[in-house]
Amino acid sequence: MLIRLNVNGEPREADAWEGASLLSFLRDDLGLPGSKNACEQGECGSCSVWLDGELVCACLVLAAQVHGREVRTVEGLAEGDRLHPVQEAFLGAGGVQCGFCTPGLIVAVTDLLERDPSPDELAVREALSGNLCRCTGYQKILDAVRLAAERKREGAW
Amino acid sequence: MDVLLPRTLEEALEMRASRPGAIPIAGGTDLMVEINFDHLRPDAMIDVSRLPELRGWREEEGALFLGSGVTYTRILRELPHLRALAEASRSVGSPQIRNRGTVGGNLGTASPAGDALPVLAAHDAEVGLVSAARGERWLPWDAFVLGVKANALGPDELILGARWRALSGPQSFSKIGTRNAMVIAVANLCFAMDPHTRSVRVALGSVAPVIVRARDAEAYLAAELEVAGAWDDLAATLPSDVVEGFAERVRAAASPIDDVRGTAAYRRHAIGVLARRALGWALAERADEAMVS
């Protein structure tokens with residue numbers, strides 16, 4: 001079926017199998033492989049995107065459900081060569097190893113800080129509870145969140 | 001496979017009636033896992049996630065109606081004063097899951113581990129169903145969820161939502177799992193005191209094929225609260241043998257099984273722990289109230 005939607009500010013459309021998830025629609029039909037498929041059951045968060053401004057796991061959204069809707073993916077964060085401040089913070093804090101969890105985490109962290117620019121430790125952990133990382137042990141990811149929040153308070157974004 | 005996108009409840013009900021094999025999908029947090037892993041290949045799906053008639057809630061004179069399409073995130077944001085429901089909602093999954101999952105989905109899936117279900121049971125909630133042919137009908141919660149993943153939804157029906165009367169006393173929802181996020185409960189429990197009727201409600205999840213109201217434990221505790229004068233005196237405490245008697249009766253009400261998430265013995269132990277803690281929190285809350293007033 002033909003699905004028409006807005007992705008990262010642009011109108012897009014493509015044909016998809018009716019049972020396809022938004023994740024496979026993004027990756028296979030729209031050429032947006034930034035969202036990753038690690039678990040396909042909403043456990044790992046590596047497929048995190050925004051649907052109508054809400055953080056969701058793309059693997060659990062039926063592609064057909066986004067017809068006429070707005071989706072924002074990790075690809076929509078950088079502006080050309082300019083990385084988003086959250087992406088910069090992950091680099092600055094050393095919060096990336098294999099990088100597989102990174103897109104989903106960057107989306108989740110951006111979502112958190114857009115809603116709550118000064119989250120406390122517990123709020124950060126709860127906000128990221130839907131994202132798994134096998135490499136970093138999370139410490140440097142939490143450092144990246146603090147760095148990004150600091151940058152936000154300084155007005156960098 | 002077809003996907004049908006109704007714009008109104010009326011359209012959705014017509015689709016439901018004309019395509020008997022079509023499965024309703026809202027947040028998809030249960031259903032999409034089945035589809036992604038090839039466990040389910042329905043003939044058709046009906047997207048009910050955006051039907052305005054299912055996304056509202058109403059509070060009127062102490063009675064709440066919660067639409068089947070209200071997400072857990074919205075419950076947290078819009079209904080935080082419904083303590084047990086809010087605590088249950090917060091315990092579900094992760095932010096990504098809570099932004100999509102609904103109580104309607106908990107009812108539709110009818111898993112004994114569904115976190116909203118003990119809250120509905122503790123409040124004697126009714127489940128509303130609707131069809132094009134017969135209109136609305138309301139079933140008590142235990143006449144709707146019939147067994148493990150079995151409910152009384154008719155092939156032409158959709159779940160409208162749930163309704164119940166608010167309770168005035170302390171209440172809580174608690175859950176045990178391997179993490180404090182993203183877990184299917186090994187045991188979960190909703191506890192509510194209703195000073196208005198001098199009754200106690202204790203609903204157990206994940207320890208039987210369906211949610212269990214621990215009636216014996218409820219009656220025992222209500223009577224012991226009376227003996228201790230605790231219904232009238234907010235600062236009254238209960239002797240430890242009564243607390244243990246309550247926990248023992250809660251354990252006896254459970255009929256858990258061994259499964260991948262835990263053993264029957266552990267579940268029985270865990271549900272007793274939840275009961276004891278929930279009682280402690282409720283009494284502490286009343287004692288706090290006593291100090292303030």
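Q: How many residues does the contact take from chain B and from chain A?
A: The model is a predicted one, and totals for interfaces in it use all residues. Counting residues in contact on either side, the share of chain A is 24 residues, and that of chain B is 23 residues.

Q: Which element gives the largest share of the side of chain B that touches chain A?
A: The elements of chain B that give two or more residues to this side are strand E1 (2-4), helix H2 (31-36), strand E3 (44-47) and helix H5 (95-98). The largest share, four residues, comes from H2(B).

Q: How many residues does the contact take from domain 1 of chain B and from domain 2 of chain B?
A: Chain B is divided into domain 1, covering 2-165, and domain 2, covering 171-292. Taken over C-alpha atoms, the centres of these two domains of chain B are separated by 26 Å. The contact between them takes 22 residues from domain 2 of chain B and 18 residues from domain 1 of chain B.

Q: Which elements each supply at least two residues of the side of domain 1 of chain B that touches domain 2 of chain B?
A: The residues on this side of domain 1 of chain B divide into 11 nonpolar, four polar and three charged. The elements of chain B that each supply at least two of the residues on this side are helix H4 (83-91), helix H7 (116-122) and strand E8 (145-147).

Q: Is Leu279(B) buried or exposed?
A: Leu279(B) lies in helix H11 of chain B, and, not counting residues up to four places away in sequence, it touches Phe191(B), Val243(B) and Phe246(B). The C-alpha atom of Leu279(B) is separated by 9.1 Å from that of Gln171(B), 108 residues apart along the chain. Because 25 other C-beta atoms lie within 10 Å, Leu279(B) is buried.

Definitions and conventions:
Residues numbered from 1 in each chain as written. Chains lettered and ligands numbered in written order. Predicted model: local features only at pLDDT ≥ 70, side-chain atom pairs only at ≥ 80, totals over all residues. Contact = placed C-beta atoms within 7 Å. Domains from an automatic or database assignment. Nonpolar A, V, L, I, M, F, W, Y, C, P; charged D, E, K, R; others polar. Buried ≥ 20, exposed ≤ 12 C-beta atoms within 10 Å, placed from the backbone.
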